[in-house]
Each structure stands twice: as C-alpha cells, then as structure tokens.
Amino acid sequence: MKQEISVNKAITRGHLIVNIPVFICMIGIPASAFYLSDLNLIPKWGIGIGFILGFIIAWLVWSFMITKWRIWAFKNVRNVHELKKRAIQEKLIWNDGNIFEKTEIRTFEEKEELKKLEKKFEQEDEYREDYSLPPKMEIFYSKVNNYVELGISILIIGVGIYFLLKGETKNYILGTIMSTIGLYNSVKELRKALNNKPQIIIDNKGITTTNVEFKNWSTIDSEEVVQEGYGKSAKSYLTYFYDEDEFEKIEIDSLNVTHSELENIIRTYRIRNNKNYR
C-alpha cells in the first residue's frame, strides 16, 4: 500500500525544490554581475541587466517547478484542502484566479493530470485526534514574546532620550517620536506580561475567548486558523462563526501557541466533541 505524505513534508519539499532555486536565481545572478563588473569583465550597466535576468530566470524556474510540485504533492497528500491552504499561506502558490497563478507553465499532459487530481478536492480532509492534548487547553500571552518586545521598547525609549539630550532641533523631533512610540509599546507589552488570564480556552465542550463567552461546539461553525497579510506584516488569527451569524476573530501571534499548534488543538477538541455526541 502506498504511504501518503504529510502536509508538512510536502510543504518542506516545496520550499526545497521551488523557493530555494528561485532565491538562488534572484540573489545569485545579480551577485555574479556585481562580481564580474568588479573584475571589469562586464560594464557597470551589466549589473542592471543582472537584476533583470535574475528576476526573469527566477520567475521561469518557479513557473516550471511549481507545476511539478503541485502534481507530486496533490497526488501523494491525503488532505489536499489543508495542503492548498498552507501552500498559499507559505507563498508557494497563489490563490485561484490570481494573475500570477496564470503564469504557471504546464504542458498538455500536466494540465490533464491536474484535472484528474481535482477530484480529490471532492473529499473532505481527514484528521486524527491528538491523544497528547489534555482535557482542556488554556492559552495565554507568551511571556517570552512580551519581555522581548518590552526590552526592545525600552531600548527605543533610551535612544529617544539620547537624542532629546543632544538638544538639536532635528534630534529633538526624532527623540520625541522614538520616546513616544517606545513608551506606548512598553505600556502595551507590560500589560500583556502582567495579564495571567487565559486568552483562549478550548475543550471538548466548546471555546471561550476574552471577547466571546463560552460557546458550545454545536453553535460553532467554520473554525479555523487563518493568516492575513504578507511577509513581516502577516498576522495569524483564530476565527469562527457562532450562533449562526456572529463572528469571532482573535489574533494569536502574541500568544503561547503557534499557527500549526492551534490548528491541531481545535481539530482535536472538535473530534472529541463529535465522539461524545455520536
């Protein structure tokens, strides 16, 4: 019997065979142009050509390799819905219909193969209960994250005070801005660090957050962990509908749980709830 590949392994392989070669092209070709120009083997304007070539070749590599990865991954992974969601979040592929998604290069045979694989999306993903999880999970603010952010904020205040003490007009304005930002963030992070109340409580009966009182799983629908934004500005949220038309959305980046850990938690307690009511 053929062994199925986990979503994590498929995503890791995607980064290895798609994103790493793309990164090498984007960085390596311009770097080579700089080096050759420094040796006077190509003119200075060749550096600009290097950047353009690096982008074009990197895009071609992605366009060819992402199709190879799509076919391999969707063929070997059982939970294709989760795989697709993760691949979009981790910038391996684009959303359906996106103009960049249309730049993927596919042969006729590959197009036919992908059409056949679309049938797998007619099945719902399957998940197993994580028996290592306790009867109830209480999720708090991450103290490590709070103190790191607090330390950075205090450092900003210190730099701001330094500029203020220099007495020059430009330095005074910069010092005032930095001190204000640092003070604001310090107060915010200190409040989180001193907050010992759970921000999210999840068990086999339901979910409670700081914004929404306890809701039974029977009243909850479409619970998931989503990521919004790109790069360093990306944020993760726990979202779900409750009482038919109400919606909860709570940011989790400052909590002591990761995106994937929370996904596993909500799936496990949903499974446990379903077992109790069979």
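## Aromatic pairs

This predicted model holds 10 aromatic pairs. One of them joins Trp 59 and Trp 62. In general, an α-helix has 3.6 residues a turn, so residues three or four places apart point the same way.

How exposed is each ring residue? Trp 59 counts as partly exposed because its relative accessibility is 26%. Trp 62 is buried, because its relative accessible area is 7%, and the cut-off for buried is under 20%.

Another pair is Trp 94 with Phe 100. The ring centres are 4.8 Å apart and the planes stand at 35°, so this pair is tilted. Trp 94 is partly exposed, at 28% relative accessibility. Phe 100 is partly exposed too, at 36%. Ring pairs also build a cluster: Phe 55, Trp 59, Trp 62, Trp 94 and Phe 100 are linked in it.

## Thr 67 in helix α2

Helix α2 covers residues 45–76, and Thr 67 has its place there. Is Thr 67 buried or exposed? Thr 67 is buried: its relative accessible area is 0%.

What does the side chain of Thr 67 reach? It reaches the backbone oxygen of Ile 105, at 3.1 Å. Leaving aside residues up to four places away in sequence, Thr 67 touches Glu 104, Ile 105, Arg 106 and Glu 110.

Glu 110, a contact of Thr 67, lies in helix α4, which spans residues 108–117. Glu 110, Leu 114 and Leu 117 are buried in this helix. These three cover an arc of only 60° around the axis, so they lie on the same side of α4. Helix α2 is included in what covers the buried residues of α4.

The other side of α4 carries exposed residues. They are Phe 108, Glu 109, Lys 115 and Lys 116.

## The four-stranded sheet

Next come the sheets. In general, strands of a sheet pair through backbone hydrogen bonds, either parallel or antiparallel.

Strand β3 (residues 206–209) runs antiparallel to β4, and two bridges join them. Ile 207 has Lys 215 in β4 as its bridge partner.

## The three-stranded sheet

A further open sheet has three strands, ordered β5-β6-β7 and paired antiparallel. Its edge strands are β5 (220–228) and β7 (246–251), each pairing on one side only. From one strand to the next, the twist averages 20°. Strand β6 (residues 235–242) pairs with β7 over six bridges, in the antiparallel sense. Thr 239 stands opposite Lys 249 in β7.

## Helix α7 and both sheets

Which strands does helix α7 touch in the three-stranded sheet? Helix α7, residues 259–276, packs on that sheet and touches β5 and β6. The direction of α7 makes about 170° with that of β5.

Note on methods:
Residues are numbered from 1 along each chain as its sequence is written. This is a predicted model: local features need pLDDT of at least 70, side-chain atom pairs count only at pLDDT 80 or more; totals for chains, interfaces and linings use all residues. Side-chain values use heavy atoms; hydrogens and water are left out. Two strands pair if DSSP finds at least two bridges between them. Helices (H or I, at least four residues) and strands (E, at least two) are DSSP runs, numbered from the N terminus. Axes are lines fitted to C-alpha atoms, for helices over the stretch in contact, and angles run from 0 to 180 degrees between N-to-C directions. Contact means heavy atoms within 4.5 Å. Buried means under 20% relative accessible area, exposed over 50%, partly exposed in between (1.4 Å probe, protein chains only). A polar contact is a pair of N or O atoms within 3.5 Å; within protein, one must be able to donate a hydrogen and the other to accept it, and residues adjacent in sequence count only if both atoms are side-chain atoms. The arc is that of the directions from the helix axis to the C-beta atoms. Rings of Phe, Tyr and Trp (its six-membered ring) pair if their centres lie within 6.5 Å; planes under 30 degrees apart count as stacked, over 60 as edge-to-face and the rest as tilted.
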